[in-house]
Amino acid sequence: MPTSSVVRTTPDTMRSRGFALVALAGVLWGTGGLAGSLVARVTDLSWPAIASLRLLGGGFVMLAAAAATGALRALPWNRAVAVRVAATGALSAVYQGAYFVAVDLAGVALSTVVALGSAPLAVAVVTAWGTRRMPPRATVTALVAALVGLLLLTGTPTAGDGRAAAAGCGLALVSGASFAATTLLNRVPVPGLSPTALIGASFTLAGVLLVPFGLVAGFALSGTSAAAWGWVVYLAALPTAGAYLAYYSGLPRVPATTAAVLALLEPVTATVLSVLVLGETVSLPGLVGMALLLAAVVLLRPAAEPSAR
């Protein structure tokens with residue numbers, strides 16, 4: 001005789017879903033590097049301008065989604081919401097803008113290692129200080145594996161002019177610290193503030209804040225082809241709106257350090273796409289680095305739920 005069953009959402013299931021959402025965000029961010037490089041290649045837009053368009057477009061997409069789902073109507077316009085939106089927007093503008101200036105001063109490899117590597121370290125240190133407890137052994141092992149893997153994947157960072165490289169490293173640290181701050185800030189949601197409304201409002205603000213930097217560096221829109229606009233739309237829709245929706249939706253369900261390490265799936269995805277789409281090659285150390293980054297993800301995955309009988 002058949003029996004009906006009720007699907008229950010257990011804490012383990014919530015953690016698994018949160019882990020999957022944050023991992024998805026890292027993968028989607030990785031596709032943004034290819035899209036952004038294609039936009040930069042076929043237009044006269046500077047990187048700050050591309051970052052501004054990315055944030056503005058992603059913000060508009062999320063505002064539309066929030067309006068369509070009623071999240072804007074239900075939004076409590078109070079001080080907590082205003083502070084969270086303003087802080088997330090300002091931090092988002094800082095880590096996007098600081099990273100691109102760092103790349104210009106110190107190069108892609110060095111900036112990537114410093115910015116992406118410092119973020120999970122900062123999250124782990126702040127979390128340990130706040131809880132007065134060392135991270136679990138698996139977390140420490142995963143963090144070390146991820147940082148070594150990132151270094152191997154990006155290659156040996158080289159710097160040109162010493163002062164420019166030092167300034168670039170400083171800005172990359174600012175970028176990493178800003179991303180870490182957004183991760184820690186949004187670990188606990190504000191009641192009534194949905195991820196769509198948060199992303200829509202804060203990213204629109206961040207995009208506006210970056211417009212002056214884009215104008216100084218180069219914000220030439222004339223002559224931009226339809227294909228280039230297509231890549232701009234993609235950059236705003238999936239690696240920005242979609243990725244951050246997944247990240248902020250999963251963030252409250254996983255440890256902050258785990259979320260920051262999962263963000264390192266971005267360079268893994270970008271490397272795979274560069275091989276498949278651009279025909280680039282990966283060195284043996286790069287392959288080892290990818291394996292270490294993936295091993296870190298496996299180490300941090302939630303424990304499997306026991307089978308119900």
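What follows is a tour of a predicted model, with a few stops to click through.

Start by selecting residues 11-42, helix 1, together with residues 47-69, helix 2. Their axes lie 11 Å apart and the packing angle is about 125 degrees. Angles over 145 degrees would count as roughly antiparallel and 65 to 115 as roughly perpendicular, so this pair is oblique. Look along the crossing, too: helix 1 goes past helix 2 in a right-handed sense.

Now show side chains at the contact. From helix 1, pick Trp 29, Gly 36, Ser 37, Val 39 and Ala 40; what they meet in helix 2 is Trp 47, Ile 50 and Arg 54. Sorted by class, that contact comes to five nonpolar, two polar and one charged residues.

Keep Trp 29 selected and look at what else is around. Besides Arg 54, Trp 29 touches Phe 179, Pro 239, Ala 243, Tyr 244, Tyr 247, Ala 263 and Glu 266, leaving aside residues up to four places away in sequence. Trp 29 is also among the residues with the most contacts inside the largest nonpolar core, a set of 54; the others are Phe 179, Leu 193, Tyr 244, Tyr 247 and Tyr 248. Apart from that core lies another one, of nine residues, including Ala 35, Val 39, Leu 45 and Phe 219.

Last stop: go to the loop between helix 4 (108-131) and helix 5 (137-154) and select Arg 132. Is Arg 132 buried or exposed? Its relative accessibility is 63%, so Arg 132 counts as exposed. Check the backbone as well: phi is positive at Arg 132, about 60 degrees, although this residue is not a glycine. Most residues other than glycine have a negative phi.

Definitions and conventions
Residues are numbered from 1 along each chain as its sequence is written. This is a predicted model: local features need pLDDT of at least 70, side-chain atom pairs count only at pLDDT 80 or more; totals for chains, interfaces and linings use all residues. Side-chain values use heavy atoms; hydrogens and water are left out. Axes are lines fitted to C-alpha atoms, for helices over the stretch in contact, and angles run from 0 to 180 degrees between N-to-C directions. Helices (H or I, at least four residues) and strands (E, at least two) are DSSP runs, numbered from the N terminus. Angles under 35 degrees count as roughly parallel, over 145 as roughly antiparallel, 65 to 115 as roughly perpendicular and the rest as oblique. A crossing is left-handed if the near helix is turned anticlockwise from the far one by less than a right angle, and right-handed if clockwise. Contact means heavy atoms within 4.5 Å. Ala, Val, Leu, Ile, Met, Phe, Trp, Tyr, Cys and Pro count as nonpolar, Asp, Glu, Lys and Arg as charged, and the others, Gly among them, as polar. A nonpolar core is a set of buried Ala, Val, Leu, Ile, Met, Phe, Trp, Tyr and Cys residues joined through side-chain atoms within 4.5 Å. Buried means under 20% relative accessible area, exposed over 50%, partly exposed in between (1.4 Å probe, protein chains only).
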